[in-house]
Amino acid sequence: MTARPRVGVAVVALLATAAAAAAVVRVSSRPPSLTDRRRALAERLYRHGLLPSGQPLRARGPTGELAGADAACARCHRPSGMGVVEGDRIIPPIAGRFLFQRRADTVAEVESRHPRGPDLAHALGRQRARVPYDRDRLVRAIRDGVDASGRSLDALMPRYALDDGDARLLIDYLAQLSAAPSAGVTPQTIDFATVVTPDVGAVERQAMLDVVSAFFDVHNAGRELERLRARRYAGATASSARAWRLHVWQLTGPPATWDAQLVEAVRRQPVFALVSGISTQTWDPVQRFCERRALPCWFPIVDLPPFAEGDFYSVYFSEGVRLEAAILARVLATQRPRRLLLVRGDDAAAAGAVQAALERLGRDGIVAEERVVPSFDRPALGGAFAGVGATDAVMLWLRARELPRLGDVPPPSGASLYLSATLAGGERAPLPPAWKAQARLIYPFELPELRRAAMARVRAWLQTRGLPLVDERVQADAYLACVLLAEKLDEMRDLVQRDELLERAEVGLAMRAPTAMYRRLSLGPGQRFASKGGYVARFAAPTSPALLGASDWIVP
Amino acid sequence: MTASTAKRRAGPIALAGAIALVALAGAAHAQAPWHRTSARYRVPDVALLRSDGASVHFRGELDDGRPVILNFVFTTCTAVCPLMSHSFAQLDKELGGEVHLISISIDPEHDTPARLSSYAAQLHAGPHWSFYTGTLEASIALQRAFGVYRGDKMSHDPLTFVRAAPGEAWLRIEGFAPADAIVAAYRQLRAGAP
């Protein structure tokens, strides 16, 4: 498949050839001088500190010589080139639009030019205006640390050893960096999609969609009010908020066909990002699609997130069942059962969980055995738990719908029994009483007692929107995804860029977000799973959904 | 030390609220990239995990008799820590045999012993450079003890702490001090200079 790049149009096109299907180039409005090959070389230089020759980029930093990735521009200025604040240090934006114009020296001037935080902050922070950079001045800044107006740059900015050709390449790259508006964004609107995979039940699907739709309605109503004020009252600031539009991308058929469905969906309706979304089985095709198309995939509700570190565009609340597997391994490393049985049904997320657990347990030297229950009748269940003794441990990677069937057989006598909270439905797991008395939940959320205050905010919001509580995790996660999206878009104000959305999630999740189901949420550069731990919990009584912590907070 | 750098510590501050403070501090950076003060800290004996997976108590690690040079970092940090770690890597080469280098994670829930260990490998850290993680509470307790806690890992400052021997005062170096400056400060400290 090929898509013709349309220069000057805000379209993210996909350019793939048979020879280089993996080497996808993002195309946006850009100077014609930067061919795809030069762009790829420039991106490698900018992001990874490798010169076109393959040699590491070299520079003199405040603490000595730097080379390669340590010297890469993106290390500090970030992939978007939009800059960042770290502590009280401002790393200024270096995307061309900021460099090639004069930097103003009054607040009013700055605001009139770039109504956004970092540049304003930088202009204030340095307390000095400067003339625009041109190519020669920029080369001097990069090599000698002298700014466009002839003053020395901050000591933190390395001085680079870059020959003329490589400097030209880098400057061409900066000129086009974050220059085009992201697809799905107009001055008045931002389009989003939410993806639902075909395995998701009707109740969970609707629970997610109702929350996201209601959130969009509230956002858009607020925007209308601001517009009304600005029209009617002199002196009111015109709103820069855009109306949000939600598109539901319901996938159908087997996962192998999803990519083509997503390609077609985004062709018909370009979107800025995927927000929330839900899947109980695999999410790999969606994440791969997002990565290839540089499309943010913003906190979907998935039981088995793909391994995302190293990928840029997908962020998750947690690693789901893989986090549970790691917590289990941590617990068993001290408990040291004679052997561990990993029991699952025919379920992709459960299979992924077992695989993750086997890898992790293998490293810790714990003998584990997978048992797939083909059908939940008495003989099959009897077989699955045959020969389990008191020094063994059993982990149930079973779905809520599978659990009531366990009532046909007694729980394995004396064995340590664990249960996946993600698959079983948390504290609402419909486990027969005899099993419940013995089971411990591997629980990758904050304990219900301890999240009561955080969840009160979510519940109150649902109530005001007339939404009954049908699935706490789904509704809370969908709400939280929307809150975080609104916060980050608000921070970006007029210049809405996909890369920067992710960069802002990296640096700013911990301070302000409501935590809803989680103990705390925090990312960092390159981090893609916000909540990193969980508990072992037990049921207060065999007939009650009340949970009690059976461990401290565990970060495996 | 300039007045503006000494007075600009405001604890955890939201990004937007930081702008005015940054404006005041901005000019000081170019002129005074680093400065030194002497300080005494009450260090809590928290339980930590070393990058080799060992469970340790911090005072035992800190007070084993060797001189100590210490900092706070996290492995996914982009601007501040790579430069500090860069300095430490040079210190490791130069002083490795005689000084215990200690790096404590301020993002302990992400920086597992395995991640710290690969971070150490990237830096070619020798046997005298130890990396520690643990619970977030333990990390915060240490950050508070050394007066570096800023409420969030993204708000941290470049700080290096040098101590000639257990029981003695710490030299607190604020800013991006190059390795040779830290070595010089350490040698002065060893020689008993103030």
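Contact here means heavy atoms within 4.5 Å. With that in hand, take F58(B): skipping residues up to four places away in sequence, F58(B) touches V43(B), P44(B), D45(B), V46(B), L48(B), L70(B), I102(B), I104(B), L142(B) and F146(B). Two notes before we go on. This is a predicted model, where local features need pLDDT of at least 70 and side-chain atom pairs count only at pLDDT 80 or more, while totals for chains, interfaces and linings use all residues. Residues are numbered from 1 along each chain as its sequence is written, chains are lettered from A and ligands numbered from 1 in the order in which they are written, and side-chain values use heavy atoms, with hydrogens and water left out.

Back to F58(B). Together with L70(B) and F146(B), F58(B) touches the most other members of the largest nonpolar core, which has 91 residues. Such a core is a set of buried Ala, Val, Leu, Ile, Met, Phe, Trp, Tyr and Cys residues joined through side-chain atoms within 4.5 Å. Buried means under 20% relative accessible area, exposed over 50%, and partly exposed in between (1.4 Å probe, protein chains only). Helix 4 of chain B gives the most to this core, with eight residues. Apart from it lies another core, of 87 residues, including F192(A) and L462(A).

Now for the sheet in chain B. Helices (H or I, at least four residues) and strands (E, at least two) are DSSP runs, numbered from the N terminus, and two strands pair if DSSP finds at least two bridges between them. The sheet is open, with eight strands in the order 1-8-7-4-5-6-2-3 and mixed pairing. Strand 1 (34-39) and strand 3 (55-57) of chain B sit at the edges with a single partner strand each, so one side of each has no neighbour in the sheet. On average, neighbouring strands are turned by 30° against each other, direction ignored.

Follow strand 2 of chain B. Three bridges join strand 2 to strand 3 of chain B, and the two run antiparallel; L48(B) has V56(B) as its bridge partner in strand 3 of chain B. Their hairpin has four residues between the strands, and G53(B) takes a positive phi near 95° there. Strand 2 (residues 47-50) is also joined by two bridges to strand 6 (residues 129-133) of chain B, again antiparallel. Here L49(B) stands opposite T133(B), and R50(B) stands opposite Y132(B).

Helix 6 (residues 136-145) of chain B packs on it, touching strand 2, strand 4 and strand 5 of chain B, and its direction makes about 105° with that of strand 2 of chain B. Helix 4 (residues 80-95) of chain B lies across strands including strand 4 (68-73) of chain B, to which it runs at about 160°. Axes are lines fitted to C-alpha atoms, for helices over the stretch in contact, and angles run from 0 to 180 degrees between N-to-C directions.

Over in chain A, T194(A) is part of strand 8 (residues 189-196). T194(A) counts as buried because its relative accessibility is 0%. Its side chain reaches the backbone oxygen of V275(A) at 2.8 Å.

How values were computed: A polar contact is a pair of N or O atoms within 3.5 Å; within protein, one must be able to donate a hydrogen and the other to accept it, and residues adjacent in sequence count only if both atoms are side-chain atoms.
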